[in-house]
Amino acid sequence: MLGSKVIRIRFLIVLAILFSAWFVVQGVKSTVATDQAELFSEKHESSDSEISTVNKITGLPAPGTYQLHKIFSVPEYSVLDTSGKSQPISKYTKGKITLLTFFYQRCSDVDGCPYAMGLFHKVKSKLESNNSSPDSIRFVHISFDPKRDTPMMMAGLEKRTLDPHHNKKGLEWNFLTTESIEKLMPLIDGFGQNVDVNMNPVTGDQSLNYSHVLKVFLIDDEGYVREIYSTSYLSADMLLNDIQTLALEKSK
Amino acid sequence: MKLKASVSAIRKISQVAVLGVAIGILGVPAVYADEASCSPFTPLVKGQEDFVYVWTLGVKGLGDESDKLVTVDVNPKSKTYGKVIAKLSVGGRGEAHHMGFTDDRKYMWAGALDSNKIFIFDVATNPAKPKLVKTIANFVEKAGLVGPHTFYATPGKMIIGALSNPKDHGGQTGMAVYTNAGEYVSTTMMPTTGGGDGFGYDVAINPNKNAMLTTAFTGWNNYMMDLGKLIKDPEAMKEFGNTTVMWDYKSMKPMKIFKTPGAALEARWSFKPGDNWAVTTTALTSQVYVYKEDAKGEWQQHMVGTIGDPAKIPLPVDIALNADGNSMWINTFMDGTTRLWDMSDPLKAKEIYTKKIGNQVNMVSPSFDGKRVYYTTSLVSNWDMKDKANDQFLKAYNWDGKDLKLAFEIDFTKEKLGRAHHMKFQVRDLKTLQPLQASMEQNNKLASK
């Protein structure tokens, strides 16, 4: 018992010495418990390019001041256009800066397909109002639901979306589908898009679990995915910023 | 004879404790593991988790002696509840440390701080039995960094926060970005100007605010050094981080550098919808720091509390915010205690509950609903307590809102597994995973501008 107490006292002394030693070594004052917020304002005001100055409203850096790295090259698959003709997906992912997302017409998740559709319209509207050159930008929607979203259905959607009265500047917006779930699955796997196939044990019919995570892919004109957005990371300002960043990269 | 043996045992424990204190003074790597500590880009287990993966350090003379991924069945309805159902050795001991899921939660990356190897496990094909599908063995050559520590998923990519560098193996370090396919993309060094000290540790992102918080620990020279030797080396003791950095995540450039004395470790953002604050704790000074924007939209750091009695060096290690953002578990290694803090007003944080978990405790992982809490023990192999004080376990508790009640315990030494370190949850059916929607309201507002 006595030995234990002695050891405890020694232990506390060693603790105190070591703790003090660390503070001496670090030159830290005992007032560390005060608010330590410390802005190196000189650097903010300097031209030090390593320090970011984000837009106060959007919280984003200025276009062209950052890099969008190549994440992966869009895999080569076939899709069906609105006339039902098989086309290589590269037709829709190369030659222009492309925003691509997967969707299905019956989707009613407010945080899913309708949200993305609304966002694309906002981006389109801003591109047009900013006098940008929308002919160098393309939007692509690919259906998760080849059974219901047939080429004919996609053609109708495209017509409604690209009403000539509202598409005077000619932004290309493609609505694509696939022949079957078997053709679709490798495509969405290639993009890393989560969606699941369910099989009816009685009929053997396949259907998709549409509880997918919304993703939008920004693709450069060489067919490389340069950014991926999800529900927690998706806004019109961000898309516009990144589109402009890719455009500036090309113009250098 | 018995008395003599007893005194001798106490003396040994005391020596271990002193070493443990030294660990505290030098700083300790801890880990994050719970759902609310996952990247916001990763779908979450919001219901009952089926498995806990434990990234386990091999121990010489114990079992196969190798680092391994241990899978434990944690679904109470299962016949193998509370049992180890799979072990996957990766061959050799490389100082297994932290893990992180890819943004689709189909793969889990796990790092080793000494060998610098990164192991990628398939945890989707058969979540009950993960499979090693790729080993990245050239991290140092590709990224120019040493000590792959934090694995933080972003869409299609993985940010790897490192602890050290290959030039001098000190604390100057950075973050590497890889694609989900395991291809190296880029390296960003921690800032060394404008108040930055170049140290790194944890990474946490708030997509709503395009903000990323990083913390700072120490380099390979220290975390791999024998502890007794380290505490006698005053030069080595200078080599600990004293800053935190708020980054512009998009550009990977610092927005603001804070003085945060005492090696800030885990970085967490509140997942509560509408919340936009982060928190960390300092290992050496036992402080809780909260990061929040002021009325002008500028990030500020606030010291909001002191953990335990700093004179007793409680040594805060892992922290875990509950998903509602109202409370936070803080483990203190030296006294093996877990502490629950009320964070409902993050600027007025306060401790409301404590419980001793073991002789030493490092990691804490609450379920998304906060009803189950898991604990493991190991820090790094050279710094864990010695002999009988060297508890190595996974303990599962049920939290009823008032008290933690032990559900099961696995002794990792008796099971010949090794040192129990980082934990991650997984479900049998990945279709039940749910995305974090905490930010939609914010994003909709942003998008509508």
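**Figure 1. B:Asn210 in its loop between two strands of chain B.** In this predicted model, B:Asn210 sits in the loop that runs between strand 12 (203-206) and strand 13 (211-214) of chain B. Take a look at its backbone: phi of B:Asn210 is near 50°, a positive value in a residue other than glycine. Most residues other than glycine have a negative phi. Is B:Asn210 buried or exposed? B:Asn210 is buried, because 24 other C-beta atoms lie within 10 Å and 20 or more are enough to count as buried.

**Figure 2. B:Asn116, in the loop between strand 5 and strand 6 of chain B.** The strands on either side of this loop span residues 107-112 and 118-122. B:Asn116 is not a glycine, yet its phi is positive, near 65°. With 24 other C-beta atoms within 10 Å, B:Asn116 is buried.

Figure 3. Stepping back, chain B holds six helices and 28 strands. Of its 449 residues, 61% are buried. How many of the contacts between residues at least 6 apart in sequence join residues at least 24 apart? In chain B, the share is 58%.

**Figure 4. Chain A, the setting for the views that follow.** Here you will find six helices and ten strands. Chain A has 252 residues, and buried residues make up 36% of them. Among its contacts between residues at least 6 apart in sequence, 66% join residues at least 24 apart.

**Figure 5. Helix 5 of chain A and its buried side.** This helix covers residues 181-191. Which of its residues are buried? They are A:Leu184, A:Leu187, A:Ile188 and A:Phe191. These four cover an arc of only 90° around the axis, so they lie on the same side of helix 5 of chain A. Among the elements that cover them are strand 4 (97-103) and strand 9 (215-219) of chain A. On the face turned away from the buried side, look for the exposed residues A:Glu182 and A:Pro186.

**Figure 6. Helix 3 of chain A packing with helix 6 of chain A.** Helix 3 takes in residues 113-129 and helix 6 takes in residues 236-251. Their axes are 9 Å apart and meet the eye at an angle of about 50°, which means that helix 3 of chain A is oblique to helix 6 of chain A. The crossing of these two helices is right-handed. Which residues meet here? From helix 3 of chain A come A:Leu119, A:Lys122, A:Val123 and A:Lys126, and from helix 6 of chain A come A:Ala236, A:Leu239 and A:Leu240. By kind, the residues of this contact are five nonpolar, no polar and two charged.

**Figure 7. A:Ser251, a residue of helix 6 of chain A.** Is A:Ser251 buried or exposed? A:Ser251 is exposed, because 7 other C-beta atoms lie within 10 Å and 12 or fewer count as exposed.

Technical notes: Residues numbered from 1 in each chain as written. Chains lettered and ligands numbered in written order. Predicted model: local features only at pLDDT ≥ 70, side-chain atom pairs only at ≥ 80, totals over all residues. Contact = placed C-beta atoms within 7 Å. Axes fitted to C-alpha atoms, helices over the stretch in contact; angles between N-to-C directions. Parallel < 35°, antiparallel > 145°, perpendicular 65-115°, else oblique. Left-handed = near helix turned anticlockwise from the far one by under 90°. Nonpolar A, V, L, I, M, F, W, Y, C, P; charged D, E, K, R; others polar. Arc of directions from axis to C-beta.
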